[in-house]
Amino acid sequence: MHNHPNVIAVRDALTAAGADAAEIVILDEAVHTAPAAAAALDIEVGQIANSLIFDADGEPLLVLTSGAHRVDTAKVAALLGIGRLRRATPEFVRQHTGQAIGGVAPLGHPKPVRTLVDVDLERFPVVWAAGGVPQSLFATTYAELVRVTSGTPAVVA
């Protein structure tokens, strides 16, 4: 799994962005949800940075949200001045990220995706994000996650 093209793309993107640690952990089993990932890593669910792709008036929007809560789509739409914000279809996600739902990483996509980063993640010294496939995760900090994704900190819940 370390040689999966998506994992390589994420690792390369982390390295190119000057991430402190570009080590991607491969778990024995896929973790498609924040609670499953947190249990596998023995951490708080809030430390998981869920990568959620939304269809924002036809354009992709990546919201990196704490696994401890849900994105308030009305709040995010109002914040960004978007007419219609909805959960993306699996096909839309794959088209814009090259990755499947459950393993979408915050970077390593074919082209940059507009990104919001949940300010709630800042309270954790370490956060974990998906590494391109459902069995992969990497550790980072909130500040580094904002930096490597060129994300905008936001209240999303």
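Leu 61 touches Leu 52, Ile 53, Phe 54, Ala 56, Val 76, Leu 80, Ile 82, Leu 85, Val 113, Arg 114 and Leu 116, where residues up to four places away in sequence are not counted and where a contact means heavy atoms within 4.5 Å. This is a predicted model, in which local features need pLDDT of at least 70 and side-chain atom pairs count only at pLDDT 80 or more, while totals for chains, interfaces and linings use all residues. Residues are numbered from 1 along each chain as its sequence is written, and side-chain values use heavy atoms, with hydrogens and water left out.

- Leu 61 is found in strand β3, which covers residues 59-66; strands (E, at least two residues) and helices (H or I, at least four residues) are DSSP runs, numbered from the N terminus.
- Leu 61 is buried, with a relative accessible area of 1%, where buried means under 20% relative accessible area, exposed means over 50%, and partly exposed lies in between (1.4 Å probe, protein chains only).
- Although Leu 61 and Arg 86 are 25 residues apart along the chain, their C-alpha atoms are separated by 9.8 Å.

**The chain as a whole**

- The chain holds 5 helices and 8 strands, and, read along the sequence, they follow the pattern α-β-α-β-β-α-β-α-β-β-β-α-β.
- The radius of gyration is 14 Å, close to the 15 Å that the globule rule gives for 157 residues, so the chain is as compact as a globular protein of that length; this radius is taken over C-alpha atoms, and the rule is 2.2 Å times the number of residues to the power 0.38.
- Taken along the principal axes, the box filled by the C-alpha atoms is roughly 40 × 30 × 30 Å.
- Of the 157 residues in the chain, 49% are buried.
- Among contacts between residues at least 6 apart in sequence, 64% join residues at least 24 apart.

**Surface and charge**

- The accessible surface of the chain comes to about 7500 Å², and 53% of this surface belongs to carbon and sulfur atoms; such areas come from the Shrake-Rupley method with a 1.4 Å probe, and for residues only the protein chains shown count as cover.
- There are 11 positive and 16 negative side chains, and the centres of the two sets lie 8 Å apart; Lys and Arg count as positive and Asp and Glu as negative, while His and the chain ends are not counted.

**Helix α5 and the end of the chain**

- In helix α5 (residues 142-149), 6 of the 8 residues are buried, so this helix is largely enclosed by the rest of the structure.
- The buried residues of α5 are Tyr 142, Glu 144, Leu 145, Val 146, Val 148 and Thr 149, and just after the helix Ser 150 takes a positive phi of about 55°.
- Val 155 lies in the segment after β8 (152-154), and this residue touches Lys 75 and Val 119, again leaving out residues up to four places away in sequence.

**Loop residues with positive phi**

- Asp 42, in the loop between α2 (34-41) and β2 (48-56), has a positive phi of about 60° although it is not a glycine, and Asp 42 is exposed, with a relative accessible area of 72%.
- Asp 57, in the loop between β2 and β3, has a positive phi of about 55° and is not a glycine.

Key: Charge placed at Lys NZ, Arg CZ, Asp CG, Glu CD.
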